[in-house]
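User: I am new to this structure and would like a close look at a single part of it, the pairing of its strands. Please take me through it with care.

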Amino acid sequence: MRYLSTRGHADRKQFCEILLEGLAPDGGLYLPESYPQIDALALTRLREVWHGQGYAYLAFEVLSLYIDDIPRDDLLALCRKTYTPEVFGTNEIVPLKPLQASGQVQPEMFLEALSNGPTLAFKDMAMQLLGNLFEYELARRGETLNILGATSGDTGSAAEYAMRGKKGVRVFMTSPHGRMSPFQQAQMFSLLDENIHNIAVDGVFDDCQDMVKAVSNDLDFKRQYKIGTVNSINWARLLAQVVYYFAGYFQATTRNDQQVSFTVPSGNFGNVCAGHVARMMGLPIQRLVVATNENDVLDEFFRTGLYRVRGTADTHETSSPSMDISKASNFERFVFDLLDRDALTTQRIFGPGLSQRGFFDLSKDPRFAKAATVYGFDSGRSTHSDRLKTIQSVFAQYGTMIDTHTADGVKVAREHLDPNVPMIVLETALPIKFAATIVEALGQEPERPAQFEGIELLPKRVQLMAADVALIKAYIRQHCQ
Ligand SMILES: *Cc1c(COP(=O)(O)O)cnc(C)c1O
């Protein structure tokens, strides 16, 4: 399998070459040259693997369709090391939970539990694998890597828990000082591993992002200090996420002629893009419903064909902060497919022009209609009050507590139900991560998994810093000796 750039660069690369890279040299995102096809026979075989051997083996089977430069035994060992009940809490790794009231014949829908990893958000599903892949590949090359990132919460902690103690890797993670939930701060700042560096920046998330970009744009510095990233445009992360669409499908169905739909709380379009890949491979998915919060860049696009990047001032701070985005960094992958892989147009609409113009408009392009008709996409949005009501009603009807992001998904899923097609909502975080809103909705504290008891009281290690590129460069220099 070779990978190409969405903006038409001539290079074709192998998986391990793009594993440690961010963007393609032309600023595009990597995608496989083609999607491996799962026919009925292969789907039956994967279903047997799921039932007989479980998630790690299913992951191996799916990943090996895309990775041919890691020996099969090694890849299987990496999957088995990653997806264990010890790390993810259950044998199923991603159990499906019916939302079904007593006396009801059929579940209203299912939640797919993706949030039982070390940081209680779905990002662990991919990041834990990435940590093991990075360690493996760096050792094979005899190299080291310094991961520099910006986080508003979930990505940073998932990256740190995936990379802690890993050989050959350091993490420098910036976050906006005082803006993460107390639980998130405690999760990250209580990591005392020597290779983990938390940097609390005096500013907002965009200031963190700008610092990271400025460092990455200094090519000499980047090369000298081997700066890399783990952001959601990394193809390996997206690929790891494809697996749980298969696992969800196998749990909700018994036969291959059955379809399911997924609703996905979305921000940077990484999670739902993995669903798009699974569907392109032939997994029987009817609809992929993109759920956004008040930051509805994506919902607006799927309704109208207009993609409008939001400025800092128009980006809302919401009670589902992991979806508070101004533009969706993975979206280019889907648009490239939507445009029949027309790299020239992709380059034109996503290239440097986008940040100047601030929008592109496909409403008059005949290909736009295919987003719904051919690719199965649909969308919706929620407000803070919608999420509160949904948290309340799901708790009252089913006795299940859901977090604010998952509530966004359930709210939008309810607007897209089809009695003949099971709807699976991806549970992207556990309620304890966003306790304040749960208390606002339900008047009670969410349950806290035992391993997080008292986490706020642990000693913390964090460096405060002004939003200044020179300072973070100096910090990296100092800690790379
Ligand atoms: C990251 C995140 C999302 C958004 O996922 P994308 O892949 O960026 O679309 C949704 N919910 C939670 C809890 C997250 O951490």
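Analyst: Two strands are said to pair if DSSP finds at least two bridges between them. With that in hand, and bearing in mind that this is a predicted model, one can begin with strand S7, residues 196-202, which is joined to S15 by four bridges, the two running parallel. Within this pairing, Val201 stands opposite Met465 in S15. Both strands belong to an open sheet of five strands, whose order is S8-S5-S6-S7-S15 and whose pairing is parallel. At the edges of this sheet stand strand S8 (227-228) and strand S15 (463-466), and because each has a single partner strand, one side of each is left without a neighbour in the sheet.

Strand S3, residues 96-99, is joined to S4 by four bridges and the two run antiparallel, with Lys97 standing opposite Leu111 in S4. S4 also pairs with strand S14, residues 423-427, here in the parallel sense and over four bridges, and the bridge partner of Ala113 in S14 is Glu427. In general, strands of a sheet pair through backbone hydrogen bonds, either parallel or antiparallel.

Conventions. Residues are numbered from 1 along each chain as its sequence is written. This is a predicted model: local features need pLDDT of at least 70, side-chain atom pairs count only at pLDDT 80 or more; totals for chains, interfaces and linings use all residues. Side-chain values use heavy atoms; hydrogens and water are left out.
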